[in-house]
Amino acid sequence: MRLGWQANFVLLTGLSLVLFIAAWRGLPDHTAPAEPQQTHWLRDMASSYAQLARAPGFLLYVALLSMTTATFYAFLAGAPIVLGSYGVGPAGIGYYIMLVPLAYIVGNYLTTHLVHRIGERTVMRLGQGSSLLGIGLMLALALAGVDTPLALSLPLLLLGMGHGLLVPPTLIGTVGLLPALAGAAAAVAGLMQQLMGAVGGFVVGLVPHDGAVNLGWLMLALSACAAVAMALLQRGQATRPAAG
């Protein structure tokens with residue numbers, strides 16, 4: 001029996017309830033006594049964002065995180081169109097797309113074991129290199145005229161694994177660079193992720209996708225922007241994140 005498209009929302013609702021219960025029961029209560037308010041909360045919030053805007057390291061971490069997200073959202077928006085041009089129907093598209101998120105889970109698992117052995121920066125380099133390699137292989141196959149669904153999805157296993165290696169230490173650096181402003185940092189990072197993700201999905205619609213070539217160039221350009229941000233961090237032009 002096939003479930004209709006409404007089942008997606010039922011599944012999301014169920015998962016949201018599970019997460020809510022897990023957070024409610026599992027997270028510790030660190031509620032501290034309220035301190036006398038010295039300034040208005042809007043002024044405090046503006047001051048926090050101003051301090052973050054003056055931190056080059058934070059800006060580079062956010063750029064790396066947001067452009068990585070934009071790359072993935074471009075894939076999510078463009079892959080169904082490309083797969084459709086290869087003759088894959090709606091019932092089969094999900095099987096090819098899900099390979100990338102599954103590889104992301106594998107990358108996350110590897111991160112937990114590698115980060116303590118080789119360090120966050122090395123894990124980030126491995127993740128970025130894997131992402132670029134996966135996109136490059138996909139684009140090379142498309143330019144060579146290999147127009148098959150597996151020629152799109154199999155190389156991008158490296159993209160999913162690379163993002164799984166890259167994103168966790170980048171998130172740690174984003175919120176850990178200025179621990180006193182961790183809340184504001186998380187808010188800015190989340191906003192920029194969603195904003196640039198929307199941009200990545202939008203620009204997919206600006207070019208035709210009767211094959212994977214245009215999608216490959218677009219993803220490569222977005223991922224290259226992320227690589228530039230990471231290169232600046234690796235050169236020591238930003239402060240190293242505080243140890244967590």
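**Inside the fold**

Modeller: Take contacts between residues at least 6 apart in sequence: 83% of them join residues at least 24 apart. Contact here means heavy atoms within 4.5 Å. A caution before the details. This is a predicted model, with residues numbered from 1 along each chain as its sequence is written. Local features need pLDDT of at least 70, side-chain atom pairs count only at pLDDT 80 or more, totals for chains, interfaces and linings use all residues, and side-chain values use heavy atoms, with hydrogens and water left out.

The protein has 10 helices and 0 strands. These are DSSP runs numbered from the N terminus: H or I of at least four residues for helices, E of at least two for strands. Along its principal axes, the C-alpha trace spans about 65 × 50 × 40 Å. Of the 244 residues, 37% are buried. Buried means under 20% relative accessible area, exposed over 50%, and partly exposed in between, with a 1.4 Å probe and protein chains only.

Start with the core. The largest nonpolar core holds 34 residues. Such a core is a set of buried Ala, Val, Leu, Ile, Met, Phe, Trp, Tyr and Cys residues joined through side-chain atoms within 4.5 Å. Leu64, Phe75, Leu152, Leu156, Ala212 and Met219 touch the most other members. Two or more residues each come from helix 3 (56–85), helix 4 (90–97), helix 6 (120–143), helix 8 (157–176), helix 9 (182–204) and helix 10 (213–234). Helix 3 gives the largest share, 10 residues. In soluble globular proteins, nonpolar side chains tend to be buried together.

Setting aside neighbours within four places in sequence, Leu152 contacts Ala79, Val82, Leu83, Met138, Ala212 and Leu215. Another core, of 8 residues, lies apart from the largest one, with Leu52, Phe58, Leu177 and Ala184 among its members.

Next, the pairing of helix 3 with helix 9. Their axes come within 7 Å and cross at roughly 35°. Axes are lines fitted to C-alpha atoms, for helices over the stretch in contact, and angles run from 0 to 180 degrees between N-to-C directions.

Gln193 deserves a stop. Gln193 lies in helix 9. At 18% relative accessibility, Gln193 counts as buried. Beyond four places in sequence, Gln193 is in contact with Leu65, Ser66, Thr69 and Leu171. Leu76, in helix 3, is partly exposed at 35%. Leu76 and Gly201 are 125 residues apart along the chain, yet their C-alpha atoms are separated by 7.5 Å.

Helix 10 next. In helix 10, the buried residues include Leu215, Leu218, Met219, Leu222, Ala226 and Met230. What covers the buried residues of helix 10 includes helix 3, helix 6, helix 7 (149–153), helix 8 and helix 9. Helix 7 also holds Ser153, which is buried at 2% relative accessibility. Not counting residues up to four places away, Ser153 touches Tyr96 and Leu99.

Gly107 and Ile93 are 14 residues apart along the chain, with C-alpha atoms separated by 23 Å.

Last, a contrast. Helix 1 has 21 residues and the number buried is 0, so helix 1 lies largely in the open. Its end C-alpha atoms are 30 Å apart, which agrees with the 30 Å it should span. That expected span is 1.5 Å times one less than the number of residues.
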